[in-house]
Amino acid sequence: MTRHTFGRCRIGLLAVLAVATALLSACGEPASLLPTTAFAAPEPAAPTEAASGSAATAVAAPSTKTAAATPAPATRTYKICPGPNATTEALTAFFDAREGDTIAFCAGRFSLSTGLIMNNKRGITIKGAGKDRTILNFASSDAAEGLNVSHADGIVMQGFTVEDTPGNSIRVFRSRFVTFRDVRASWSDYKTCSTRLDAPNSCTRHGAYGLYPVLCQHVLIEDSEAFGASDAGIYVGQTSDVIVRRTRAEYNVAGFEFENTYRAEFVDNIATNNTGGFLIFDLPGLAQYGEKNRVHRNRAFNNNFPNFAPAGNIVGSVPKGTGMLVLASDQLEIVDNEISDHDTMGIGIVNYGLIDPNEADLRYDFHPEGIEIHGNRFRDNGGTIQLPTPQRGEASLLPLLIKLKNLGRSAHIVWDGGVDAPNGCTEYPKDASGVPLNQPNPSETGRSEARADERGRPNYGPTDPGPNCGGKRFNAWKFNAAGQLKLPENGLCIADDNQFSNTRLLTAFATPFVNARLTTSEPGQLALDLLKPASTSLAPHRCSLPARPGPNLQLPFVPDPANGDRRPSEAEVRAACNGGRPGQVNRAALAYNCPRLDQYGLFANPADPRANPVQGVEYDLNTALFSDYSTKYRFLFIPDGQPAQYRDQASHGVVATFDFPVGTVIAKTFSFKSGSTENVVETRLLIRRQTATGPTWVGLPYIWRTASGGGRIAELHVEGGTASVRYDYVDPDPEVVDAKGQRLRYTGAVPRYTIPAALSCVTCHGNDDREAGAAPIGPKARNLNKAHRYPDGTTQNQLQYLSQRGLLSGLPADLARIERLPRFNVPGDAGALPGSDQDLHKRVRAYLEVNCVHCHSGGGSAANSGLFLDASRPVDVRYGICKRPIAAGRGSGEGRRYDIVPRNAGTSILPFRVGSAEAGVRMPPVARSVTHGEAAALITRWIDDVLPTADTEDNTCSGLGLLRR
């Protein structure tokens, strides 16, 4: 059977390469809670036109102040100093902090054993004593990120360094009014690591991003630094209204990167010793497509560091020696910058057709348009271009082709020459309600940008379908009635006030500009393009464009401690948690974080959470989330007379679970069986509470231990913990068998089983498409739709059982109407012939949904990746077929270019990550520390032997393109 092939394009490019090569022979104090009578958040200078160089506005974020007569709640400063308890103290502070609080790290060096997570918070300052004095080191961390902040408004991070993270340094996701100030992201060996991709100390082992806000709004990054990132030091993605100023990036692959951003500005920054200084990209398959960005008053010099990005990452295509690179970005102004001493080029402007002319995202526009370059100073760019290398593949061929077409010279400004043309698609795209995007939709809510820009370009949102033009992109808005491109608004303008100087022998013949006339990597057109002479004439580009709106930061954010929940007193917590009665759930205590599990009264035997729930019911799942071969005991506690409301995928989307009432508790206990013994390690609770801002789910981890007087007790540890465990047991499902038909046995050890911190729950359980907080993942109708044997000896479908006992309302009378996820490890359970391709296909898709879709969905924490893994969607590029990674970093693995390559698991990223146990690589990133071997083998077999299927896009990942690697 035919395996992965690059097709004729690769052969043609290798032939060109051969011809081209021939042509060119102290603190140490304990943590403390310090109540303060007043708190003033550090207020940055309001960004003004003078400060930022653009018409940025600074409007105070909305704040709901209480009446003057009402005393403001006391705020706290959590003081954390270096020492053996620093990780625990930091995690506790991140969990407990409320609006107006400060988390203050002392001066000194911290060695933190896991990442710090903040979710669903508001108005909190995280600060150190200065980025040179407070060092947070994560070299021994079991988590990918150093700081991971999500759904948090008004967060200020200042005065510290985050160092040596396995993955990204500081990730901020779906948050607003965010400030980074005096912060450094660094990998400590950035000057000494090897740029060879196969070296033991390769720089590729560094995390992908340094400072990393994504899917955010109103972001300020100032007076900060980034060193050693294997993707981008300062990365801002799918974010609106951004200023990055007075910040330095060195020894990264990309110093600075804007990706799919609106109204973002780089101003007064320094990029040096990177592979590429500044990247302004728009990429396909993401939640938004950007425009109206500005690169102003920056210095980019000597960005000639070898590219050490892992293979498969798009920044791996950036040639070393690139000052700035623009890819498919619209309405971009590059003004008053110093760009000098770059081996390959000063500025490159490229259309996406050179990367992949067959890109499937029909909402995506390939061409960079409305670009204006003026008032810049260029010196000594293009002296020693990057030559082709086998490690970088076809991507490294492009600079050489451009130099050949420019008669052996490089240029300060390089344009590929790609220009769009009418394609016959004239029907304006519509939103999901069928309303054209160039018309208002009065019923629409939640769209953050205009439906169309002033040029007529549709601004697609995440839920907007593509154009209805038979597989064509809508581009009629670009052209006049005669079919000519509307200029200058869709052109490239290069003013005559740019200054070009060549002071070195190697750059003596570099031209100010070259139009390379290399428009696509499609083999036939590429061959024709190679025959066209390049042009160095600037005459067609002498134009100017109107001013664009600048960032609207809405900073500084003003915390309002009265806005959130009141902080309960210790006496209040003690009274509620100790007020339970035997045989009843202590419902008053559910509003509080009780120090012991037994205080909630959930189990008849307080020392055994595996059976006999009080006023609760056990449940099971068809396919479960893998957790290091633990045995799980699951229970639902629903308030009397308040049944959960039935919801399913058809009515509420792929991540929908039942709508549980306030006061619901979901308890899950994790144990490890070995022979006749069982080690009960932890019990996790999800509690739905009423808060000042509405109902929310809270996750609490309780760790079991033997009490001093004997017996077992579970205590709350919001910081999580670890345990060394062993397992040796037979799968409880008799239909789960090995290749010989024997009951499957699991044997092994987990040296460092991780009990997640309380806020780690939201990493997976938080989703914009579900209720606030750590919403449930498992109890979906299609995953509960199975027969279960209950303790009273009855066997019944779980959905019917819940309905008949008044715990579930709205259940369809005909259970056959309800979809059912198969057991991934039982051949034939998918309704197809056991062992058939269709059977394996459905079972793997069930596993990927259960273990991945809570993040890899439109509202999940991996939405920025553009990879969505629900079991009902077509298996196309959004499912990973021939899809390039967006934010994988070293998780892509060396030599792997796509998430899934049909018929070739060995070159696919997805099975590589599922099969890894390494922090920063493994997927899922939390809830496991060992590899699920049976699932990894099944996924590998699925890719190698089953794909493509009837519902799989017929794509063999061929036709790689000049900038693919």
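In this predicted model, Phe278 is buried, with a relative accessible area of 0%, and Phe256, at 0% relative accessibility, likewise counts as buried. The count of aromatic pairs comes to 33, and among them is the pair formed by Phe256 and Phe278, which is stacked, with 4.8 Å from centre to centre and 10° between the planes. Because Phe256 belongs to strand β18 (residues 254-259) and Phe278 to strand β21 (residues 276-281), the pair ties together parts that are 22 residues apart in sequence. In the pair of Phe603 and Phe637, the ring centres are 5.9 Å apart and the planes stand at 90°, so the arrangement is edge-to-face. Phe603 is found in the loop between α6 and β34, whereas Phe637 is in strand β35 (residues 631-637), so this contact ties together parts that are 34 residues apart in sequence. Both Phe603 and Phe637 are buried.

Ring pairs also link Tyr190, Phe227, Tyr251, Phe305 and Phe308 into a cluster.

The structure holds 5 disulfides, a disulfide being a covalent bond between the sulfur atoms of two cysteines. One of them is formed by Cys193 and Cys203, whose sulfur atoms are 1.9 Å apart. The torsion about the S-S bond of Cys193 and Cys203 is about 95°, and the disulfide is therefore right-handed. Since Cys193 and Cys203 each lie in the loop between β11 (176-186) and β12 (209-214), the pair ties together parts that are 10 residues apart in sequence. Cys193 is buried, with a relative accessible area of 8%, and Cys203 is buried as well, at a relative accessible area of 1%.

A disulfide also joins Cys425 to Cys469, with an S to S distance of 2.0 Å, and with 70° about the S-S bond this link is right-handed. The pair connects distant parts of the chain, for Cys425 and Cys469 are 44 residues apart, each in the loop between β30 and β31 (492-494). Both Cys425 and Cys469 are buried.

For the disulfide of Cys577 and Cys594, the sulfur atoms are 2.0 Å apart; the torsion about the S-S bond is about -90°, so this disulfide is left-handed. Cys577 lies in helix α6 (residues 570-577) and Cys594 in the loop between α6 and β34 (617-619), so that the pair ties together parts that are 17 residues apart in sequence. Cys577 is buried, and so is Cys594. Two further cysteines may be described by their accessibility: Cys216 is buried, with a relative accessible area of 3%, and Cys852 is buried, with a relative accessible area of 12%.

By class, the lining of the second largest cavity consists of 17 nonpolar, 4 polar and 2 charged residues.

Note on methods
Residues are numbered from 1 along each chain as its sequence is written. This is a predicted model: local features need pLDDT of at least 70, side-chain atom pairs count only at pLDDT 80 or more; totals for chains, interfaces and linings use all residues. Side-chain values use heavy atoms; hydrogens and water are left out. Ala, Val, Leu, Ile, Met, Phe, Trp, Tyr, Cys and Pro count as nonpolar, Asp, Glu, Lys and Arg as charged, and the others, Gly among them, as polar. A disulfide is a pair of cysteine sulfur atoms within 2.5 Å. Helices (H or I, at least four residues) and strands (E, at least two) are DSSP runs, numbered from the N terminus. Buried means under 20% relative accessible area, exposed over 50%, partly exposed in between (1.4 Å probe, protein chains only). Rings of Phe, Tyr and Trp (its six-membered ring) pair if their centres lie within 6.5 Å; planes under 30 degrees apart count as stacked, over 60 as edge-to-face and the rest as tilted.
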